[in-house]
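Good morning, colleagues. Please look at the sequence and the model on the screen while I describe a surface patch and some aromatic rings.

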Amino acid sequence: MTQTEIFEAVQADQLLASSLWINIALAGLSILVFLYMGRNLEDPRSQLIFVAAMMVPLVSISSYTGLVSGLTVSFLEMPAGHALAGQEVLTPWGRYLTWALSTPMILIALGLLAGSNMTKLFTAVVTDIGMCVTGLAAALTTSSYLLRWVWYVISCAFFVVVLYILLAEWAEDAEIAGTSEIFNTLKILTVVLWLGYPIFWALGAEGLAVLDVAVTSWAYSGMDIIAKYLFAFLLLRWVVDNERAVADVAAGLGSGSRGGAAPADD
């Protein structure tokens with residue numbers, strides 16, 4: 001199919017198209033709101049967290065525009081053994097590009113907030129990218145249904161490493177840094193929602209085909225809205241109100257440097 005035909009096919013499915021257009025609108029709104037929120041940040045670490053958070057909606061609006069235009073969508077014939085074997089299924093593979101570029105930004109922001117060292121931060125980002133790339137391989141493999149699931153398992157293995165860093169390593173770092181309250185909130189939000197992505201992949205047309213493409217797209221879009229835009233809003237609001245606390249983390253001082261003073265209420 002030509003790109004024009006794919007574009008028309010996407011627009012013809014109102015449920016599918018709305019899941020993309022709404023995300024574009026919310027990403028654009030988030031960009032404007034975040035620019036306003038971070039306009040007066042002066043601390044370098046706070047500014048870096050702001051840049052990482054800003055990249056999330058910037059990447060998303062670019063990626064969703066690619067999806068809605070048909071640029072990063074293909075119709076792939078499902079292999080033997082698949083529930084839709086022999087049928088051409090709409091595959092929005094551009095989502096994996098979104099995740100490969102936006103989720104590392106989320107992890108960078110969380111790592112900076114927790115006061116993580118470079119080794120842990122590098123490990124989290126690299127394994128996260130590995131998770132997204134192998135997920136893309138699972139979605140694009142049409143030669144073997146078994147190999148689709150092999151790629152899926154490899155992707156989940158990368159995901160386990162990311163979860164360990166979030167739940168164990170960075171949680172401990174945040175306690176030392178004095179940012180554990182906001183970090184734990186964002187950690188729970190991230191972990192719970194990120195667990196939904198492999199679940200909906202398995203249930204969607206790319207996996208067991210229990211859910212159709214439009215429903216799966218809305219599930220992904222809904223999780224993106226909360227895991228990206230709401231996440232970034234909560235993070236930036238706290239950073240703006242607690243810039244000194246973030247500066248202390250950068251200096252390696254943590255909560256002990258503030259003489260018992262509590263950070264500003266968020």
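A patch is made of residues with over 30% relative accessible area and no salt bridge, where nonpolar side chains (Val, Leu, Ile, Met, Phe, Trp, Tyr) are joined within 5 Å. Accessible areas come from the Shrake-Rupley method with a 1.4 Å probe, and for residues only the protein chains shown count as cover. A salt bridge is a side-chain nitrogen of Lys or Arg within 4 Å of a carboxyl oxygen of Asp or Glu.

This is a predicted model, in which local features need pLDDT of at least 70 and side-chain atom pairs count only at pLDDT 80 or more, while totals for chains, interfaces and linings use all residues. Residues are numbered from 1 along each chain as its sequence is written, and side-chain values use heavy atoms, without hydrogens and water.

I22, L26, L29, V33, I226, L230 and F233 make a nonpolar surface patch of about 500 Å². Two elements, α2 (14–37) and α8 (213–241), each give two or more residues to this patch. Helices here are DSSP runs (H or I, at least four residues), numbered from the N terminus.

I turn now to the rings. Rings of Phe, Tyr and Trp (its six-membered ring) pair if their centres lie within 6.5 Å; planes over 60 degrees apart count as edge-to-face. The whole structure holds 8 aromatic pairs. W99 and Y197 form an edge-to-face pair, because their centres are 5.2 Å apart and their planes stand at 75 degrees. Both residues are buried, that is, under 20% relative accessible area. Finally, Y96, W99, Y197 and Y220 are linked into a cluster by ring pairs.

Methods:
Patches are made of residues with over 30% relative accessible area and no salt bridge: like charges are joined within 9 Å, nonpolar side chains (Val, Leu, Ile, Met, Phe, Trp, Tyr) within 5 Å. Rings of Phe, Tyr and Trp (its six-membered ring) pair if their centres lie within 6.5 Å; planes under 30 degrees apart count as stacked, over 60 as edge-to-face and the rest as tilted. Buried means under 20% relative accessible area, exposed over 50%, partly exposed in between (1.4 Å probe, protein chains only).
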